[in-house]
Amino acid sequence: MDALRILLALAIGSVGLSEGFVIVCPWDDPSLTRWTTRFAGANHQVNTVITEPILLDTSLDESTGIESITVSGEGMLVWDPKSDIHIRLRYLLIKDGGRVDIGSEKCRYERKTSITLYGKRNDMDNIEGFGQKFIGVDAGGTLEIHGKRKYPWTKLDGTVSKVGWGAGLKYKFSVISFLQHRCHDGDLFSYSFYFISILSIVYLGRFNLLSKAYNFLFDSAIVLVRDFVIIPGTANGEVLVISKRYKIKTKYLPEMAEVWDSLKSKAGVSHLEGQNMRVDRDAYVFPDSTREVLSVETNAKGEYLSTASLTAWDLGVRFDVISMFTDSWRRESDIIITNTDYSYPIVTVIDDVTSWEIGDKVILTSTDYDMDQAEVGTVMECDSCSSYQVRLDLMVKYDHFGEIIEEVDERGEVALLTRNILIQGELQDKCVPTNENCPDTIPKPKMMFPQDTFGGHLMVRKDFKNAHFEGAEFYHMGQQSDLGRYSIHFHMVGEAGPAQYEDPPRVSSNSIHDSLSRCVTVHGTHGLVVENNVCVNTLGHSYFLEDGGERNTALIGNLGCGTQKGSLIPADKKPATFWITNPLTILRDNVAAGSVHTGIWYLYPDEPIGPSAGKGWMAKGEALNTPITEFNNNVGHSNYLNGLNIDFKLTTSSDVGGSITYKPQDKDGNPVKVYLQKGTFYKNGIQNVWIRSKRIVVSRFSLADSPKGITVAGYENFVENSVILGETANKGLPEERDGVQFDRSRPTWDATRPMSGITWYDGPTYYSGIYFNHFDSNQIYDSYALGYRRENKFSNSVSNEVKMLSWGSSDEGTSLGETRVFDQSEGYSKHYGDLDGDRSATFCDADGSVSGRRGWYIKNKPFLTTDQCNIRANWGDIALCPYEYGKLDFILRGRKTQVNMVRDDNQAELSLSPSDSCEFPVILGGLTSYIAYFDSFVPNKIAVYGRGIKKGSPVRLGICIGQNLNFENGDFTLSQRSDVDGWNDPWVEVNSVEELDRATKMKNFYYDGAVGAIFFKFQSYKNRTDDTIAECPDGECPYMELTIDSPMTTQFKCTDDAYLNGYKVKPQGLGAGATKPFRENAIVNGGWGEWSDWGPCSVTCEGGTQSRTRMCNNPLPSGGGQSCTGERSQEQDCNPDTCPPVDGGFSDWVTSSCVEAKDGICYQEKNRDCTDPEPSHHGQYCNGALKKVVPCECGPK
């Protein structure tokens, strides 16, 4: 066939075209035969096979008898660009060299076309590898879909306000069944009849209408309009609006005929004679006969919704009626009259949307906690609109925020749903029994759906030839009844990137909405690019990396909202809009704008699962230690739980497993930092960001309007240069909770739930360069910038630190208003506890940027504080203390018992459980000491870590272990970790606690047999520096492990005896010390002491000087004696050698931001200096450029 196409091209060239004829557009191929020619007389089969080039120039509906099309061999099916084409099939299969072209990258298909996939589940045979009701691209197949270029989504440039009193609303009447009405005897079906007026209410009343069998009670609001004659067909200027709240049983339809006819007559719609009220739930507005009955739509929640409207443009008035019904007791009717300036709002956005056409559907995402506040409108004609504006047919029910608040961009998204290429699944009116997930299915499925969930699906399989999908609309795709049947699905393709394909596959600028199973699934496929798509209302995870083996996926510029629970895998009960199971993923410029669980979720399996297992794509444990390729400029809002979650693992059963720490490493196994850049998260119901990791750097994040701004679990993590706000001007809708009226929406079911910016947990985590504002407590709930994880069993790190913080308002120290730090204890409210982690929580203000004083923030308990600590009324149970704190972490091997610790200077006591977290905060530096004892018995093995301890800041610990034990006889033994300096040195028993206090090594101890206490001095040999990120310098925490041969089986408390023996810390080198009795004065002349060592040379080469000194202190002159005579200091020459030359070295490149030149090419500058080091001593200057210009990507336009 390729040879034939060449001959045809040459033949055409011989009659006028050049011999270099190139096919630019697929429909220009001269080998194509028109469908209407090839299949003239309907000589095609039920299952039509295309093996030659065909130009599809006609629609194919059920009248053709065609149920499926297979394109294979040398077959081509090319859409005619001059026709609107609509086809309806059970399936379309492309394989073995066949191809289907609906436009191309250079030649977009501009007409309207649709492919409708029909059929009930199991009413046809499964096609191997694809199942039923599908578009399939098998080995050797090509599918090219290229619709009109339309801007896929943008953001608001100004708030869109809801219609309400004072904002366009003139009249509203609402009836909700479970609040006002019940069904009498189970058979009554109520109506609300409204004659609606603009000017005045003439009559409000109740009507009793008698039928043959029942007395029906109708609630009515009748409002007559005077001189309202501008609407053709009305009787006496009246408008009739009807909203049914119940489905009518068929047997009662005759009973309603008389009532129905009289209503039609009243409305002046005699042309509807003979049309009866339908059984289903519908809304009616008369006399607009073209919209007399609208089809019933079923949404993802199983709600049946009907709407109708009538607009009097000359009066600037719009009538709307809404009828909503669920299979539960909820039935709702709304009648609304509005001003057209508000019911047809002009929406301003930040991008040029002139590609959006009249009749296109767009969605405004929610900007509040409830994702269901997203609203769909229709683009209307608007002569006054700029290229950045669009007028919508939309009765706005909710505020859609459109502002940036102190670097937090809370502008809602506006996305286009309509495309000129429509690929859709045909659904039944309700769930079909063969779906096996209906409410009446026996046995009951794990999740039931009242609606039909057997849509179409598109699958691309291994060894396909080409696949590019852009500019198309996918509607009612995916199958909730069958695993692996998704809206768009690349299945076990393997390598799909540039290494395998000259033009790699792309899924770009599509609209995928009301999906029955996912939007885009990447399964066992590497290198797929998914960009600029819109995913709205889907069951299960939306953008889905399935097995954890999918490498090098690029998710760029995608929007997802309305992510609902699904049932295909266990994890679908906790759906994420972006489900990322492999760290080798580019996640850039995406928005997760509403899920019933999480927006963006990173979680990894131990190794790839399912069909990807054993392929060698990721080794066991590799994902957990592989750096994330890129996280940049992503947004998450309006998610029920989390905006961003990096935690937990994916199990082999595709469920969410236990919590696990992500620990990125280089190829040699060394820890490396992973940077998450420019995340924006707001209005998430539980928390904006949760991360459990080691060495993640969260940089330039903007967080606001969530009960918890950010929690970083794990250790050695960083959060820097970010903005964290409490409750902003994005208030949402006022609401009442627990009898309290709020002027804003609240994020959870609990009106008293606190709002916090940073939540300390685990660690150490280092926060620097953070700006806070809008943490204003009130009488109902606490709000504060810095706090601890509440009701927490586990201790956080004593090395948790903040510095370089800045604030948008002052902390006045009052109980209401801006609060910077806060915590409370059990009994204050139900949100605070007294667990071990609560008692020992702490963090360090390294530079005083919280309150102006450097120190540690710690619970205000006698064991932890002194009278030098600072307390403020609005800090709750928190004190700021001017000491350095460490923690003594007890680990009991074998049987567990409560550990109790007593502080020596005030005998204050703290008790913790080793089964949870047994880390005691202690004051360092020798200012006080501590003694521990055990509740029920003395453990056989006791290990203690000294966390947060540095050189020069020791702490002494005594442990009650029992009397009259002998170290040399083996009554107890001591050991130390092998990764600590000096671990191999022997333990040395000293003779007193004073000698222990003077010891400079950790491996000394003192045992007082009479008291029964053993004492240790926990100290470090190394200093902390600015680069120290572990709890202890170089990760070497002081440690000891004590093994007792025959421990006591009852409680042994030795603290009273210990303090009688004077084992409190005594001042060392402070005060006047011992005084001497008076003695007679004698004349003593002074004498020189020894010369000091020579000091350092002033230079390292080419000649310098050094000096030494001596003191007149041997003896000191006294009693009028003379001071020493002679030199007090001396100097000598040093380091005379010539300095070696030092050649200059380049500093790191500093890259500017990406800019666009006039010619449309994007570039950025890179600069460096010859300063690392600077050349000196006749060394060479750097050889190379100091500046260069390189191309870059400016991002989507």
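How many disulfides does the structure hold?

Author: The structure holds 12 disulfides, counting as a disulfide any pair of cysteine sulfur atoms within 2.5 Å. Such a link is a covalent bond between the sulfur atoms of two cysteines.

A bit of housekeeping before we zoom in. This is a predicted model, where local features need pLDDT of at least 70 and side-chain atom pairs count only at pLDDT 80 or more, while totals for chains, interfaces and linings use all residues. Residues are numbered from 1 along each chain as its sequence is written, and side-chain values use heavy atoms, with hydrogens and water left out.

Let's begin with Cys 431, which a disulfide joins to Cys 438, with 2.0 Å from S to S. The torsion about that S-S bond is -85°, making the link left-handed. Both Cys 431 and Cys 438 are buried; that word stands for under 20% relative accessible area, with exposed over 50% and partly exposed in between (1.4 Å probe, protein chains only).

Next up is the disulfide of Cys 519 and Cys 535, whose sulfur atoms are 2.0 Å apart. Here the torsion about the S-S bond is about 75°, so this one is right-handed. Cys 519 sits in the loop between β36 (511-515) and β37 (520-526), and Cys 535 in strand β39 (residues 534-539), so the pair ties together parts that are 16 residues apart in sequence. (Helices, H or I with at least four residues, and strands, E with at least two, are DSSP runs numbered from the N terminus.) Cys 519 is buried at 0% relative accessible area, and Cys 535 is buried at 0% too.

Cys 535 also turns up in the story of Cys 561. Its sulfur is the closest cysteine sulfur to that of Cys 561, but at 7.6 Å it is too far for a bond. Cys 561 still counts as buried, with 2% relative accessibility. Cys 844 is another buried cysteine, with a relative accessible area of 3%.

Now for a link that reaches along the chain. Cys 960 and Cys 1054 form a disulfide with their sulfur atoms 1.9 Å apart. The torsion about its S-S bond is about -85°, so the disulfide is left-handed. This pair connects distant parts of the chain, 94 residues apart: Cys 960 belongs to strand β73, and Cys 1054 to the loop between β78 (1039-1044) and α9 (1055-1060). Both Cys 960 and Cys 1054 are buried.

Arg 956 makes a salt bridge to Asp 997, the closest N and O atoms being 2.9 Å apart. That pair links distant parts of the chain as well, with Arg 956 in strand β73 (residues 955-960) and Asp 997 in helix α8 (residues 993-998), 41 residues apart. A salt bridge, by the way, is a side-chain nitrogen of Lys or Arg within 4 Å of a carboxyl oxygen of Asp or Glu. Arg 956 counts as buried, at 5% relative accessibility. A search of the whole structure finds 46 salt bridges.
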